[in-house]
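This briefing is meant for a reader who is meeting the structure for the first time.

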Amino acid sequence: MGKTELGKAFLCIRHGVALWSNKNELRVCNDAFEKRFDCFCGPIPKGISLSRLVERAEQTGLVVHNEAGDGAETSASNCSLERTLFFSDGTIWKLEGWETDDDSVITLCRDVTDEVRNAQVLERATETALQADRTKSRFLRAANHDLRQPLASLKILIYNCISARSEEEREQALHAMDVSVSIMEDLLGALLNIGQLDAGRITPNIQTFQASSILERLRLQFDHQAREKGIELKVVPSKIAIESDRALLERILANFVGNAIRYTDVGRVLIGCRRYGTKLRISVLDTGCGIDPQFHETIFDEFFRVTDEQRERQHSLGLGLNIAKRLAEIIKHPINVASTLGKGSTFSIDVPIGNILHSNLGEPEISERIGGEFVGLSCLILEDDIHLRDALSALLDRWGITVLTIDSFEDVEAAVRSLKEQPDIIISDYRLRGGVQGTDVVGRINDLLEKPCPAIVVTADTSPPLIESIRAQGYPVLIKPVSPPGLRIVMHNILFEPEFVPEIS
Amino acid sequence: MKESDSIPIGSMVPLTGISANDGREFRNGLQMAIDEVNAQGGILGKQLQPHFIDTGNQTAPVLVRAARTLISEHRVHAIINGYNIGSQNSEYEPVADAGIIYIHHNTLLQHHDTVTSDPSRYFGCFMSDPAEYWYGQGFIKFISWLRDTGQWKPRNRKIGIISGPKPYSIVIANAMASVSAQFGWQIVRPPSMVRSVTNDWRPIIENMRELDPSVIAVTHYHIGDLARFQLQFMSAPLDSLVYLQYGAMHRSFSSIVGESARGVIVGTVIGLLHDEKGRDFALRYRQRFGPDSTPEIGCQPYCSLRHYAIAASVAGGTGAPGDFTANRRVARFLLDIPYRGAVGTIAYHPRWQAAVPYPDATQDPSLGMPHLFYQLRGPDDPSALIAPLPFADSTFQLPPWVR
């Protein structure tokens with residue numbers, strides 16, 4: 001290859017290439033180099049030094065960051081020949097250089113954005129994989145650590161059960177087995193929580209809602225447990241709206257309440273709220289054994305237990321408070337603990353107070369099933385075509401109506417007795433199985449009901465005399481196929497504005 | 001004007017009957033929007049041509065007939081109007097058959113049910129205000145907010161709810177009742193249903209006196225009935241806040257009730273804001289339709305038409321009956337492009353195809369239609385907009401009859 005061709009290649013290469021004299025002065029560069037260092041009003045001045053060029057690029061904002069590499073410096077340049085340049089357009093370029101035989105320097109400037117980003121992604125993926133591996137190992141260690149005990153008990157208990165000599169002995173063993181299984185269930189649940197936390201799979205969903213909604217759920221969840229232990233569980237109602245993740249906050253508080261009941265033998269557990277400026281402190285107070293001050297920090301550690309005896313006695317797993325603390329970190333609510341040995345403990349969490357106008361009631365989707373005009377009413381359908389009955393039932397269900405049906409019209413009395421509630425309205429097909437007329441069945445049903453209810457008759461028969469005769473009996477008529485708006489209008493009128501139903505007014 | 005040069009727009013408005021007051025404002029609002037859009041060049045150069053049909057008592061047969069007439073005789077590309085209460089969405093059927101756009105302000109939860117039951121069929125049906133359900137939930141939050149921010153100290157936790165006989169009123173009353181306990185309120189008994197509203201509210205008021213609630217909420221909406229309620233209430237007032245549904249917002253309510261209306265709370269899930277956009281609209285509206293006109297009502301179809309014109313322009317034009325493709329494009333852009341007008345933001349929910357209310361269903365005031373609470377002042381004063389922020393321009397005052 002001749003020198004001309006080499007020169008052509010030098011000019012056309014897509015990477016920036018520049019040649020510097022042994023006095024570190026720019027002798028020549030290709031177009032890509034010119035284009036990359038477009039920070040002069042015109043071409044790069046000949047004779048400029050490499051360090052001055054980089055300085056200029058930084059001063060004009062073309063380069064936002066410049067990292068010197070470990071490469072050698074040229075004696076003349078006093079400037080590292082290997083450096084990474086972060087350009088303001090987001091790209092990353094690597095500058096590399098080599099000295100030639102005559103002490104000149106040739107530099108290559110190439111775009112390494114993808115290389116660097118891929119390396120970062122790879123590094124993150126490796127770290128995630130390592131973390132997952134560590135988590136898995138820890139999970140298995142923890143499972144091994146805590147499942148071994150109830151499993152060992154279970155093994156002995158199964159043997160005891162098999163060899164029991166009396167019914168009483170067998171029952172005792174079975175009861176103890178039941179307890180062991182419950183402990184294993186709790187443990188697996190807790191380990192699963194820890195697993196999710198470790199894997200970073202918990203994403204908070206912050207909403208504004210009433211503190212009372214969580215307090216009420218806690219009362220329902222723990223009231224029975226407290227009663228069984230002979231202690232009182234008192235929940236002080238609150239009207240304050242808070243901003244938090246409903247499910248995560250409930251899990252934290254459930255851990256507090258569960259612990260409070262576990263470590264309280266006499267007295268009571270109280271859940272209450274107090275406003276502190278812009279925060280609501282939700283506290284769980286107990287009259288239990290209390291915690292030694294030296295453990296106030298460490299109780300939140302994974303697998304923490306004060307003594308092994310405590311673990312045996314209370315079936316404590318030592319995970320609950322750790323989970324609570326980690327969940328609280330996710331939703332950024334501080335947790336506080338105050339406790340006196342022998343007197344009891346108070347665990348609390350500070351939650352931001354929300355704007356009550358922004359309250360979310362936790363309804364998945366607003367629909368007529370939740371808030372329609374017919375919500376809470378029940379409708380008895382008399383229709384023996386199963387497809388029509390199913391379609392009508394589905395429609396009424398969407399409107400929030402409880403659907404009642406009767407399959408047999410032979411023994412109406414028994415069928416009415418079997419209804420789980422009194423209907424508010426009846427929709428009957430005119431021609432039922434076996435030549436039975438819907439209007440007759442409606443009449444018999446209404447004689448049996450404590451409070452007779454209005455009825456609508458549907459029919460596919462459009463003969464005017466028939467329709468007239470049904471109407472004359474006091475029933476509005478709808479012709480099949482019944483349109484939802486048509487049914488809605490008649491149902492509304494018959495239930496709420498009977499004066500608009502000529503048949504019954 | 002040649003048919004092909006114009007875009008016929010239908011409007012079903014109750015110009016006679018009990019809602020005639022609102023009907024006239026709906027017609028005015030739509031006409032004003034059409035005139036403005038036309039003056040600005042129409043939709044992609046085509047002028048809009050309105051066709052109004054009186055829906056009188058707003059029953060299903062009347063609405064269905066009106067929709068059919070607009071579609072088959074006038075070949076309308078869209079029907080845009082205020083509310084028609086009583087048809088139970090029957091008019092959706094001719095609209096869906098023709099594949100045109102229908103934007104209304106019926107404020108009914110039934111709309112969600114109909115649209116979600118068959119989204120493909122009802123692609124063109126939009127409710128440009130939130131469902132009435134939100135009135136109930138929003139009102140309970142509102143009085144809780146008054147209580148919790150110390151603006152009002154209720155003497156007990158009791159609420160008395162009086163419902164009118166229409167689905168609209170029943171749904172609101174049920175929604176109020178269903179969420180009361182969560183916010184620390186106790187309803188004095190299941191909502192009292194006024195089966196047929198008479199001129200005499202006194203037995204109901206006396207019943208409330210025995211039950212002694214701190215708040216009385218009337219979910220019936222008819223202006224005349226509400227005016228009679230308030231006058232009879234004020235002849236021997238109870239020590240309770242009074243909330244009256246929607247109709248009391250109307251100027252004619254203040255004209256009938258006069259000074260006795262001072263202190264009454266009224267809510268609307270669609271209303272005229274007191275901000276720059278709202279004031280500007282009100283000024284132009286009154287200049288055109290007179291000082292006794294009610295821009296608070298006329299703003300509804302006005303904003304919906306302006307929104308429609310934008311969506312149709314972006315979509316590349318409107319579609320006549322049968323042109324499902326063009327109208328589906330318009331519907332898509334109605335969903336995609338929120339419109340900020342004198343009523344706040346119309347941002348359609350992607351499944352309900354109804355305006356999302358703020359703060360009831362979104363915490364972002366730029367993406368929801370504000371559920372406004374006004375407190376009435378003197379008959380000649382503008383009502384005070386007291387919630388929600390950032391739209392409120394006044395603060396709550398204890399009504400003169402409350403001790």
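A326(B) is placed in helix α12 of chain B, a helix that covers residues 324-336. The model in which this residue is seen is a predicted one, and it scores ipTM 0.79 and pTM 0.73.

**Surroundings of A326(B)**

- With a relative accessibility of 5%, A326(B) counts as buried, because buried is taken to mean under 20% relative accessible area.
- When neighbours within four places in sequence are left aside, A326(B) is in contact with G317(B), T318(B) and G319(B).
- A312(B) and A326(B) are separated by 14 residues in sequence, and their C-alpha atoms are 8.8 Å apart in space.

- Q232(B) is found in helix α8 of chain B, which is made up of residues 223-235.
- The relative accessible area of Q232(B) is 14%, and this residue is buried.
- Not counting residues up to four places away in sequence, Q232(B) touches N199(B), D200(B), W201(B), R202(B) and I205(B).

**Chain B as a whole**

- The average pLDDT of chain B is 92, and 98% of its residues score at least 70.
- Chain B contains twelve helices and 17 strands.
- The radius of gyration of chain B is 21 Å, which is close to the 22 Å that the globule rule gives for 403 residues, so the chain is as compact as a globular protein of that length.
- Taken along the principal axes, the box filled by the C-alpha atoms of chain B is roughly 65 × 40 × 40 Å.
- Among the contacts in chain B with a separation of 6 or more, 69% are accounted for by residues 24 or more positions apart.
- Of the 403 residues in chain B, 64% count as buried, while the chain exposes about 13600 Å², of which carbon and sulfur atoms supply 51%.

**Backbone details in chains A and B**

- As background, most peptide bonds are trans, and most residues other than glycine have a negative phi.
- In chain A, the peptide bond that joins K480(A) and P481(A) is cis, with an omega of about -5°, and P481(A) lies in the loop between β20 (477-479) and α15 (484-496).
- In chain B, the peptide bond from Y358(B) to P359(B) is cis, with omega near 0°, and P359(B) lies in the loop between β14 (357-358) and β15 (369-370).
- D103(A), a residue other than glycine, has a positive phi near 70°; D103(A) lies in the loop between β5 (92-99) and β6 (105-111) of chain A, and at 48% relative accessibility it counts as partly exposed.
- R75(B), also a residue other than glycine, has a positive phi near 55°; R75(B) is found in the loop between α2 (60-72) and β3 (78-80) of chain B, where its relative accessible area of 37% makes it partly exposed.

Methods:
Residues numbered from 1 in each chain as written. Chains lettered and ligands numbered in written order. Predicted model: local features only at pLDDT ≥ 70, side-chain atom pairs only at ≥ 80, totals over all residues. Heavy atoms only, no water. pLDDT = per-residue confidence, 0-100. Helix = DSSP H or I, 4+ residues; strand = E, 2+ residues; numbered from the N terminus. Rg over C-alpha atoms; globule rule 2.2 N^0.38 Å. Buried < 20%, exposed > 50% of the residue type's maximum accessible area, 1.4 Å probe, protein only. Contact = heavy atoms within 4.5 Å. Areas by Shrake-Rupley, 256 points an atom, 1.4 Å probe, with all protein chains shown as cover.
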